[in-house]
Amino acid sequence: MSSRSEIFGAIQALEKREIDHPGDFKSYKATQDVVGDFKNSLSIVGAICVDAENKQEAATRLSEIYPDLLRYTSHEVVSNGLDLEAIDVLEIDGMFGVSENGAIWLSDQFLPNRVAPFICQHLVIYVAKSEILATLHEAYERLDGNYADFGLFLSGPSKTADIEQSLVIGAHGARSLTIVLV
Amino acid sequence: MLNHAEASEKFIEDAERTTWHDETLWFVRSKRDKVSKLLPEWEALREQASLIKDHTLANLGQYLEEFESNAQKNGIKVHWAKDAQEHNEIVLSIISKHGGKALVKSKSMLTEECHLNDYLTKKGVEVVDTDLGERIVQFRNEVPSHIVLPAIHLKKEDVGETFHEFLGTPKGNKDPQFLTEAARQHLRGYFLGANVAITGVNFAVAETGEFVVCTNEGNADMGAHLAKVHIACMGIEKMIPKRKDLGVFLRLLARSATGQLITTYSSHFAKPREGQEMHIVLVDNGRTRQLARDEFRNSLKCIRCAACFNTCPVYRRSGGHSYHQPVAGPIGSILAPNFDKSANVDLPFASTLCGSCSNVCPVKINIHEQLWFWRQDLMKDGLAPLGKSLSMKGMAFVFSNPTIFKMAGYMGRLVMRFAPFIVNNSLNPWFKQREMPEAPKESFQSWYKNRK
């Protein structure tokens, strides 16, 4: 007998128990100011937030944050066949943000490569202010039926506290994360 | 092998380090308290998570089938392993087809449970653990002492020494920032070169056939997205019915584990990328046995956040290695007897039954009750050490005979007043690290009778 049928056999041999799924969770009415809360969460998770009036201003702020580094967009990475490992700053688009935890949903439809947001040294994500949701429940509501081949919630730069619980930013992934609100 | 009490005794020899360990984990517990209290629906979320797991465990067969069929539709290869041995063989057979000197592995408690590293190393495969804490303990030929903070038993001086030896960092450098950077450079080479990446699984979604892996470092993703082959290993209890259920569990997991709002990366793997092979190994290894036991079934709800470790007064002062199991702490103590009762007979006793573990558990597992159930089960099986069963029998005899009970109380008070050396010596385990109390002049009973 295969292990598969052994496992299923063992489960089926158990007494049937009728327990219903509790249904979708209704989050409590939380916040009026999703963008304000989102900014607050970003500071907790160690991300830099750029709240710019327009693209020009955002570009100026980014040059101040990453003064000596070249910045590439997703499009440039793909069309120029750039070596991802060598990229200092990568600029990508996020689909929406979640105010309770500062996470941004990224889907591989909008990434030059799945590893891109992890392997670059610094990451910049653009997300629309109108696309900030309150909680993860609303986020999954929003994703309902939209099944990316690969997608993730990304919140803050890569970090670790494995050495004596001292927080170190920049473990394996991006050393810094800047969120540009547009 | 030392039992829990013996190993703890070694751990606490270094009083300063024990205090540090205790306080650091308590600090993590306090962070958990702080962020959880920011959510007015925290208790409702715990209840919801517990109910979803109840429902899933009652319908596990159906959800496993649904998951398998959806994952296969997504182009993922699904494997089934009844035990650790078979799991290891499956992983090796996949690796053998693709070659390569080294494979990169992110944290997976299941592979620890199956002793995959040992198995693969013996077969000539170099396993590189990529989680920083796991890499540190791997260099030191140790095992993780905590499922979320694998190197919490070490101080930065220890890590500095280890990195000096294995990575050539300057002797005496113990700066966490510097050491982390050294590990980043060291592991990047492996990420770029590895053919095969192994990850664990935090949640597997039946509805979509996808699985979610959570890390803070980004090591699971670095491995999985660069390698030609991704093998994800999971216990069959990691199943959840629907994608929307993830909202509940992701809100609870990091807040309970480290007091973070969410892990840095919560990656949803549904399909392999172009040209990549993706495998999932679903492992039983005793889980269906646990599923059949009414009093222990709830232990399968665990999402491995380790909140019960951080809050446990015994774990904090005895260290993870004293549990001699891949999963230590209170939850490990109720999982371990399912694998091997006689080898783990000490673990359900490594607790004060204070119940703090059950109070912080995000999926509301009745951990302290199960510890107590296991004690009864192990005693009935005659597995308790002779001293323990004799003293229990002695106590039962005394407590059920009022005259003898009164006598014993009288004698006890007399001895402690006039011949304290009889109890104040190393033969009495209660005398270790503690003064015996002053004996009262009379018993409660006599006081009650004589009160005016």
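Which residue of β6(B) does Ala204(B) stand opposite? I looked it up: Ala204(B) stands opposite Phe211(B). The two strands involved, β5 (residues 203-205) and β6 (residues 210-215) of chain B, pair in the antiparallel sense over 3 bridges. I take strands as DSSP runs of E with at least two residues, and helices as runs of H or I with at least four, numbered from the N terminus. Two strands pair if DSSP finds at least two bridges between them.

Notes on the model. I am working with a predicted model, in which local features need pLDDT of at least 70 and side-chain atom pairs count only at pLDDT 80 or more, while totals for chains, interfaces and linings use all residues. Residues are numbered from 1 along each chain as its sequence is written, and chains are lettered from A and ligands numbered from 1 in the order in which they are written.

I followed β5(B) and β6(B) into an open sheet of 8 strands, ordered β7(A)-β4(A)-β5(A)-β8(A)-β9(B)-β6(B)-β5(B)-β8(B), with mixed pairing. At its edges I found β7 of chain A and β8 (239-240) of chain B, each pairing on one side only. Where the chains meet in this order, β8 (residues 150-154) of chain A and β9 (residues 265-269) of chain B run antiparallel and are joined by 5 bridges. Across that pairing, Leu152(A) stands opposite Ser267(B).

Entry on the contact between chains. I noted 65 residues of chain B in contact with 57 residues of chain A; contact requires C-beta atoms, placed from the backbone, within 7 Å. On the chain B side, 32 of these residues are nonpolar, 18 polar and 15 charged. Here Ala, Val, Leu, Ile, Met, Phe, Trp, Tyr, Cys and Pro count as nonpolar, Asp, Glu, Lys and Arg as charged, and the others, Gly among them, as polar.

Entry on α6(A). I listed the buried residues of this helix (residues 136-143) as Leu136(A), His137(A), Ala139(A), Tyr140(A) and Leu143(A). Why are they on the same side of α6(A)? They cover an arc of only 160° around the axis, taken from the directions from the helix axis to the C-beta atoms. Buried stands for 20 or more other C-beta atoms within 10 Å of a residue's own, exposed for 12 or fewer, and partly exposed for values in between, with C-beta atoms placed from the backbone. Their cover includes β4 (96-98), β5 (103-107) and β7 (132-133) of chain A, together with α12 (245-257) of chain B. The helix α6(A) lies across those strands of chain A and runs at about 155° to β4(A). Angles run from 0 to 180 degrees between N-to-C directions, with axes fitted to C-alpha atoms, for helices over the stretch in contact. Just after α6(A), I saw Gly145(A) with a positive phi of about 85°.

Entry on the parallel sheet of chain B. I traced 6 strands in an open sheet, in the order β1-β10-β7-β4-β2-β3, with parallel pairing. The edge strands are β1 (77-81) and β3 (126-129) of chain B.

Entry on Val229(B). This residue is found in strand β7 of chain B. I count Val229(B) as buried because 22 other C-beta atoms lie within 10 Å. Leaving aside neighbours within four places in sequence, its contacts are Ile94(B), His98(B), Asn195(B), Val196(B) and Glu277(B).

Conventions: Contact = placed C-beta atoms within 7 Å.
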